[in-house]
Amino acid sequence: MSARCQVLGTTPGFGHAISHSHVRTKRRFDPNVQRKRYWVPSLGRHVRLTVSARGIRTIDRRGIDVVVAEILRRGEKV
């Protein structure tokens, strides 16, 4: 599963892990993405989305119909 939120487009961030001796090594900060299944009344079916925790809150606030319409408008497959 890719570390990308379909709702917000959140992608991994990159930075350094700093050890006790202050040696810096590259590391990756992945978003908290999860596979969630939603019922979309406008489509009349379930959709499975890869969403971050913040994306789940966005869906709760705005509604799944509005969010799925935006995803389809961007040309992503749902």
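**Working chat on the predicted model**

User: Which residue lies over the face of phenylalanine 29, and at what distance from the ring centre?

Analyst: Arginine 27 does, at 3.8 Å from the ring centre of phenylalanine 29. Please note that this is a predicted model.

User: How many aromatic pairs does a search of the whole structure find?

Analyst: The search of the whole structure finds zero aromatic pairs.

User: Turning to the strands, how do strand 3 and strand 4 run, and how many bridges join them?

Analyst: Strand 3 and strand 4 run antiparallel and are joined by eight bridges. Strand 3 covers residues 33–40, and strand 4 covers residues 45–52. Together they form a hairpin with four residues between them.

User: Which glycine in the turn has a positive phi?

Analyst: Glycine 44, with a phi of about 70°.

User: What is the bridge partner of valine 33 in strand 4?

Analyst: Valine 33 is bridged to serine 52.

User: Is serine 52 buried or exposed?

Analyst: Serine 52 is buried, because its relative accessible area is 5%, and the cut-off for buried is under 20%.

User: And what does serine 52 touch?

Analyst: Leaving aside residues up to four places away in sequence, serine 52 touches Cys5, Leu8, Thr10, Asn32 and Val33.

User: Where is threonine 50, and which side chain does it join in a polar contact?

Analyst: Threonine 50 is also placed in strand 4. Its side chain makes a polar contact of 3.3 Å with the side chain of arginine 35. Threonine 50 is buried, given a relative accessible area of 7%.

User: Changing topic to the helices: which residues of helix 1 are buried?

Analyst: The buried residues of helix 1 are Gly55, Ile56, Thr58 and Ile59. Seen down the helix axis, they fall within an arc of 160°, so they line one face of helix 1.

User: What do they pack against?

Analyst: The buried residues of helix 1 pack against strand 3, strand 4 and helix 2.

User: Which residues are exposed on the other side of helix 1?

Analyst: Arg54, Asp60 and Arg61 are exposed there.

User: Which residues are buried in helix 2?

Analyst: In helix 2, residues 64–73, the buried ones are Ile64, Val67, Val68 and Ile71. They lie on the same side of helix 2, because they cover an arc of only 95° around the axis.

User: What covers them?

Analyst: The cover over the buried residues of helix 2 includes strand 3, strand 4 and helix 1.

User: Which glycine comes just after each helix, and what is its phi?

Analyst: Just after helix 1 there is glycine 63, with a positive phi of about 100°. Just after helix 2 there is glycine 75, whose phi is positive at about 95°.

User: Which residue other than glycine has a positive phi near 70°?

Analyst: Histidine 22 has that value. Most residues other than glycine have a negative phi. Histidine 22 lies in the loop between strand 1 and strand 2, and it is partly exposed, with a relative accessible area of 49%.

User: Where does serine 19 lie?

Analyst: Serine 19 lies in the loop between strand 1, residues 13–18, and strand 2, residues 24–29. At 34% relative accessibility, serine 19 is partly exposed.

User: What separates the C-alpha atoms of serine 19 and valine 51?

Analyst: A distance of 32 Å separates them, and the two residues are 32 residues apart along the chain.

User: Which residues does proline 31 touch?

Analyst: Not counting residues up to four places away in sequence, proline 31 touches Ala3, Thr10, Thr11 and Pro12.

User: What is the C-alpha separation of proline 31 and valine 47?

Analyst: Their C-alpha atoms are separated by 21 Å, with the residues 16 apart along the chain.

Technical notes:
Residues are numbered from 1 along each chain as its sequence is written. This is a predicted model: local features need pLDDT of at least 70, side-chain atom pairs count only at pLDDT 80 or more; totals for chains, interfaces and linings use all residues. Side-chain values use heavy atoms; hydrogens and water are left out. Buried means under 20% relative accessible area, exposed over 50%, partly exposed in between (1.4 Å probe, protein chains only). Helices (H or I, at least four residues) and strands (E, at least two) are DSSP runs, numbered from the N terminus. The arc is that of the directions from the helix axis to the C-beta atoms. Contact means heavy atoms within 4.5 Å. Two strands pair if DSSP finds at least two bridges between them. Rings of Phe, Tyr and Trp (its six-membered ring) pair if their centres lie within 6.5 Å; planes under 30 degrees apart count as stacked, over 60 as edge-to-face and the rest as tilted. A charge sits over a ring if NZ of Lys or CZ of Arg is within 6 Å of the ring centre and within 35 degrees of the ring normal. A polar contact is a pair of N or O atoms within 3.5 Å; within protein, one must be able to donate a hydrogen and the other to accept it, and residues adjacent in sequence count only if both atoms are side-chain atoms.
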